[in-house]
Amino acid sequence: MHFITNPDYNHFLLDQGLFGWVYKILTPIEWLMSEIMYWFHKLMTLIGLPSRGLSWILSIVFLVLVVHAIILPMYVKQMRGMMKMQALQPKLMHIQKKYKGKKDSASKEAMARETQKLYSDSKVNPMGSCLPMFIQGPVFMCMFYMLSAIPYIAHGSRAALGAFDKATAAEFADTYLFGLKISNTFGMADVSGKVVIGIFTVLMCLAMWYMQFNNMRKNLPPAAMEGQQYKMQQMMTWIFPLMYIFSAISMPFAVLVYWLTNNICNMLRSLWQVREFPTPGSRADDEKKKRDHINENKRREKAGEMSLEEEELNKAEEKARLREEHGYQREQPKRKRKKKK
């Protein structure tokens with residue numbers, strides 16, 4: 001494999017062709033992110049950190065955290081929307097079963113009308129779960145673009161971007177972490193630098209792999225853990241992280257800092273999602289029910305109330321007492337009187 005040891009700073013790939021057109025549209029977001037990074041860096045220097053070094057590394061980490069904090073409320077809304085959608089599945093299946101095999105236009109329209117009414121009555125938007133992805137995608141594209149562009153701005157071959165003029169970009173590009181220059185790629189680094197990039201790449205892959213592994217292991221109902229589709233999901237659990245290896249060797253180290261921070265944030269968010277918003281019928285759902293049961297008993301104990309088990313026992317005893325008093329004959333359902341015409 002051939003590694004680039006001396007990049008051509010006169011040709012920034014992301015400013016050319018389709019990439020250049022897309023990233024030109026996203027310039028306002030790139031500008032805002034550069035300002036956030038710049039002011040976080042200023043804050044770090046005010047508390048005593050040197051202007052070159054850890055202050056710039058932390059500014060990348062803080063920028064990722066800010067973006068995740070902004071997206072979190074939409075993410076929570078997405079999870080709640082997904083739970084509502086899952087709760088509607090039996091009713092949706094009933095509608096689909098009702099019109100199964102009917103291919104005439106009238107039946108199709110009736111099915112669409114009933115489905116829309118179900119969504120409307122339940123206040124569920126089936127497209128609502130896509131909103132965070134539509135926002136998150138461009139934001140992370142801009143972060144990737146900005147960190148990749150800084151070495152070119154420092155070199156003077158690219159115009160300034162937001163807060164990053166040539167001097168600021170040069171200061172950023174001259175930052176070192178674990179002895180590795182933050183603007184270096186794998187091909188430009190010495191042996192110890194290659195080891196650092198290798199460790200970051202392994203950590204990035206592990207964070208992404210564990211996120212997917214945990215989701216499949218705990219958040220899938222038993223029925224979904226069979227068949228060809230499940231085998232494909234298992235395969236993708238390995239393929240996606242491995243794709244990072246090929247990307248990581250060609251990117252500046254700053255981008256790897258961003259990727260690792262972002263992957264750790266995604267993994268933690270996914271662990272929280274599986275714990276708090278599990279798929280019904282999954283192992284995580286069983287664990288949440290047990291956890292909620294224990295927490296409810298603790299709450300009742302503090303409030304001086306009977307536990308759930310004691311409440312259940314009391315209900316059973318009361319039921320048995322009533323049966324003793326009124327006999328074991330089952331009460332027949334009463335027929336409704338017909339209204340007189």
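Predicted model: local features only at pLDDT ≥ 70, side-chain atom pairs only at ≥ 80, totals over all residues.

Visitor: Fine. Which residues touch the most other members of the largest nonpolar core?

Guide: Phe-172, Phe-253 and Tyr-258 do, in a core of 55 residues. A nonpolar core here is a set of buried Ala, Val, Leu, Ile, Met, Phe, Trp, Tyr and Cys residues joined through side-chain atoms within 4.5 Å. Buried means under 20% relative accessible area, exposed is over 50%, and partly exposed is in between (1.4 Å probe, protein chains only).

Visitor: And which elements give two or more residues to this core?

Guide: Those are α2 (27-46), α3 (54-98), α5 (131-155), α6 (166-173), α7 (191-218), α8 (227-248) and α9 (253-276). The largest share, 13 residues, comes from α5. Helices (H or I, at least four residues) and strands (E, at least two) are DSSP runs, numbered from the N terminus.

Visitor: What does Phe-253 touch?

Guide: Leaving out residues up to four places away in sequence, Phe-253 touches Leu-177, Leu-180, Lys-181, Ile-182, Asn-184, Val-196, Ile-197 and Phe-200. Contact means heavy atoms within 4.5 Å.

Visitor: Let's switch to rings. How many aromatic pairs does the structure hold?

Guide: It holds 14. Rings of Phe, Tyr and Trp (its six-membered ring) pair if their centres lie within 6.5 Å; planes under 30 degrees apart count as stacked, over 60 as edge-to-face and the rest as tilted.

Visitor: Why is the pair of Trp-56 and Phe-164 tilted?

Guide: Their planes are at 35 degrees, with the centres 5.5 Å apart, so the pair is tilted. This pair links distant parts of the chain, with Trp-56 in helix α3 and Phe-164 in the loop between α5 and α6, 108 residues apart. Trp-56 is buried at 0% relative accessible area, and Phe-164 is buried at 1%.

Visitor: How about Trp-209 and Phe-213, what kind of aromatic pair do they form?

Guide: A stacked one, 4.8 Å centre to centre with 10 degrees between the planes. They are separated by about one helical turn, because they sit 4 residues apart in helix α7. Trp-209 is partly exposed at 21%, as is Phe-213 at 32%. Together with Tyr-210 and Trp-238, these two form one aromatic cluster.

Visitor: Which ring does the charged end of Lys-194 sit over?

Guide: The ring of Phe-186, at 5.3 Å from its centre. To count, NZ of Lys or CZ of Arg has to be within 6 Å of the ring centre and within 35 degrees of the ring normal.

Visitor: On to helix packing. At what angle do helix α10 and helix α11 cross?

Guide: Roughly 85 degrees, and the axes of α10 (residues 283-303) and α11 (residues 308-326) come within 9 Å. That makes α10 roughly perpendicular to α11. Axes are lines fitted to C-alpha atoms, for helices over the stretch in contact, and angles run from 0 to 180 degrees between N-to-C directions. Under 35 degrees counts as roughly parallel, over 145 as roughly antiparallel, 65 to 115 as roughly perpendicular and the rest as oblique.

Visitor: Which residues meet there, between α10 and α11?

Guide: His-293, Glu-296, Asn-297 and Arg-300 in α10 meet Leu-308, Glu-309 and Glu-311 in α11.

Visitor: Back to single residues. What does Arg-283 touch?

Guide: Arg-217, Lys-218 and Leu-220, not counting residues up to four places away in sequence. Arg-283 lies in helix α10 and is partly exposed, at 41%.

Visitor: One more: where is Phe-178, and is it buried or exposed?

Guide: Phe-178 is in the loop between β1 (176-177) and β2 (180-181), and it is exposed, with a relative accessible area of 60%. Phe-178 also has a positive phi of about 55 degrees, although it is not a glycine.

Technical notes: Residues numbered from 1 in each chain as written. Heavy atoms only, no water.
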